[in-house]
Amino acid sequence: ADNLSEALKKLKITSTDSTADSLEGCLDCLLQALAQNNMETSEKIQKSGVLQVFASLLTPQSSCTAKIANIIAEVARNEFMRNPCVDAGLIPPLVQLLNCKDQEVLLQTGRALGNICYDSHEGRNAVDHAGGAHIVVDHLRSLCSKTDPASEKLLTVFCGMLMNYSNENDTLQSQLINMGVIPTLVKLLGIHCQNAALTEMCLVAFGNLAELESSKEQFAYTNIAEELVKLFKKQIEHDKKEMIFEVLAPLAENDVIKLQLVEAGLVECLLEIVQKTVDSDKEDDIAELKTASDLMVLLLLGDESMQKLFEGGKGSVFQRVLSWIPSNSHQLQLAGALAIANFARNDGNCIHMVDNGIVQKLMDLLDRHVEDGNVTVQHAALSALRNLAIPVVNKAKMLSAGVAEAVLKFLRSEMPPVQFKLLGTLRMLIDAQAEAAEQLGKNVKLVERLVEWCEAKDHAGVMGESNRLLSALIRHSKSKDVIRTIVQSGGIKHLVTMATSEHVIMQNEALVALALIAALELVTAEKDLENAQLVQILHRLLSDDRSAPEIKYNSMVLICALIGSEPLLKEVQSMAFLEVISKLRSHENKTVAQQASLTEQRLAVES
């Protein structure tokens, strides 16, 4: 301790006119003290005011420069020392030193700047201001192909410095991307794949940058997919694989890179991991299984990569994924169902899968999760069934396979994501299937639950889907029994509210359903329609210039149906509809104009 105090004093006194030898001794003493107790020594260095002295000593000509940079690197390992280093004016002279040729000076300077930037907003700003990143990127480019140990060490330090510089800072990450650092880092990874420390730094730097959209476009022009898959195949340790996964996941969000990863053979690696880890209960294996199967699902989100792996339903990847569904691992069941939902994104695939028995597999899976089941698995299996039900030819096949009954078992679910998919699946199934729509529409339990969910204000998706299904039951069944069930369950007011939705498609579905109600069961629904103020709403829709042509058309059709009811006719007469409708006779849309003429005649007769 005495030696340290002595050295600090000496440094302050002799800094102006000292000989290199006397300085060397003091600096060695500081480095020794830092090695023994970094924190305590750093505090003493800060209190002594020596940091300001260092700023004047950091010159390319001095033989002590590397040692001073080393001391700064060591003290900046402590969080409380980073701002003092910035305040002491150390950043500009350190950045200047990046231009020198001496490898040891470059190494220690890179360390010092990297440590000062670590988790320090002020440090990063100062380095940015002094233009440090630019010089480091240039160094990376010029050193990139050198494989001697000293160059590799320097490359590792510079990568680390850039990583600390840009970590969790979008602006600085964008700056590095614009400087073109990505192709350089990818090249580095390829050339130095044998160097574990450097590889690791590259991976962390990729992980930093890959979150930004602009980076993905640049990555897509490199051979990153090939390099990462090559590296991945060589890894044995869980931690290393995990690091590569952390880069792959954000990159795989880009469709071009998805396809490159598939072509580079990533899928085979992932399937192998799944096979190795599926029966293990080791924590690392469970984590790896999850990451591998999640990544697999992500690759299937790209249309091209998905079709490549589907191979007309004959692909070995598709077959393997199918085998996940009956597995005992929840994670694999989930990934299998999500993968099927992703394969089911075009009609051809859906038809092929339904014809090849996929529906039964998904229903069996749902069955295993009815009682206190896994919500994510329920959600995924319902998503897959919903997608499979989109092509017209699949609907009847799926209905006769009992899909509606399987789905209805989840009516009791209190989980909005499950409710949302359940509703969407039923709505897809009954599209243009009159018999199924009638059967479901007479199911009092279902209709009552729908009416309840129509009020789920906290879950807009569930609320919207419930309304749409209510309307669909009427539109596709055209059944008086269904209408009566919906009236008795209190569903009319929700259909009227739906007519005011901000989505034209929903408004339209509501108006068509209400027109059917008025045509088939006006007396039964009369009171509810009156209480829901349907006539006022129609007046508003017809008066509003922003209403779409089909909304105006269907509103007039509905008015014509409503005037068969005395109380509703009275309301229509009291609201000056004729005035609004006569204006619509000159509407630019021919169908609207024709309907306006018809409606005007009907109203004139009634008045």
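Reader: How far apart are the end C-alpha atoms of residues 89-131, and what share of the span is helix and what share strand?
Author: The end C-alpha atoms of residues 89-131 are 15 Å apart, and the span is 74% helix and 0% strand. Helices here are DSSP runs of H or I with at least four residues, strands are runs of E with at least two, and both are numbered from the N terminus. Please note that this is a predicted model, in which local features need pLDDT of at least 70 and side-chain atom pairs count only at pLDDT 80 or more, while totals for chains, interfaces and linings use all residues. Residues are numbered from 1 along each chain as its sequence is written, and side-chain values use heavy atoms, with hydrogens and water left out.

Reader: Let us turn to electrostatics. How many salt bridges does a search of the whole structure find?
Author: The search finds 30 salt bridges. A salt bridge is a side-chain nitrogen of Lys or Arg within 4 Å of a carboxyl oxygen of Asp or Glu.

Reader: Which residue forms a salt bridge with Lys 216, and where do the two lie?
Author: Glu 213 is the partner, with the closest N and O atoms 3.6 Å apart. Both residues lie in helix H15 (residues 213-220), three residues apart, which is about one turn of the helix.

Reader: Is Lys 216 buried or exposed?
Author: Lys 216 counts as buried because its relative accessibility is 2%. Buried means under 20% relative accessible area, exposed means over 50%, and partly exposed is in between (1.4 Å probe, protein chains only).

Reader: Which residue does Lys 241 meet in a salt bridge?
Author: The side chain of Lys 241 meets that of Glu 288, at 3.2 Å from N to O. This pair links distant parts of the chain, with Lys 241 in helix H17 and Glu 288 in helix H20 (residues 283-299), 47 residues apart. Lys 241 is buried, since its relative accessible area is 14%. Glu 288 is also buried, at 5%.

Reader: What about Glu 414 and Arg 449; what does that pair tie together?
Author: Their side chains meet in a salt bridge of 3.2 Å, N to O. Glu 414 lies in the loop between helix H28 (403-408) and helix H29 (416-430), and Arg 449 lies in helix H31 (residues 444-453), so the pair ties together parts that are 35 residues apart in sequence. Glu 414 counts as exposed at 59% relative accessibility, whereas Arg 449 counts as buried at 10%.

Reader: Which residues are linked in a network of salt bridges?
Author: Glu 24, Asp 28 and Lys 67 are linked in such a network.

Reader: Which residues form a negative surface patch?
Author: Glu 237, Asp 239, Glu 283 and Asp 284 form one. Of these, Asp 239 is found in helix H17 (residues 238-251), and it counts as exposed because its relative accessibility is 55%.

Reader: Now the backbone. What is the phi of Glu 168, and where is the residue?
Author: Its phi is near 55°, a positive value in a residue other than glycine. Glu 168 is in the loop between helix H11 (149-166) and helix H12 (170-178), and it is exposed, with a relative accessible area of 74%.

Reader: And what is the phi of Gln 533?
Author: Gln 533 has a positive phi of about 60°, although it is not a glycine. The residue is found in the loop between helix H36 (522-531) and helix H37 (534-543), and it is partly exposed at 45% relative accessible area.

Conventions: Patch = residues over 30% accessible without salt bridge, like charges linked within 9 Å, V, L, I, M, F, W, Y side chains within 5 Å. Areas by Shrake-Rupley, 256 points an atom, 1.4 Å probe, with all protein chains shown as cover. Lys, Arg positive; Asp, Glu negative; His and termini not counted. Charge placed at Lys NZ, Arg CZ, Asp CG, Glu CD.
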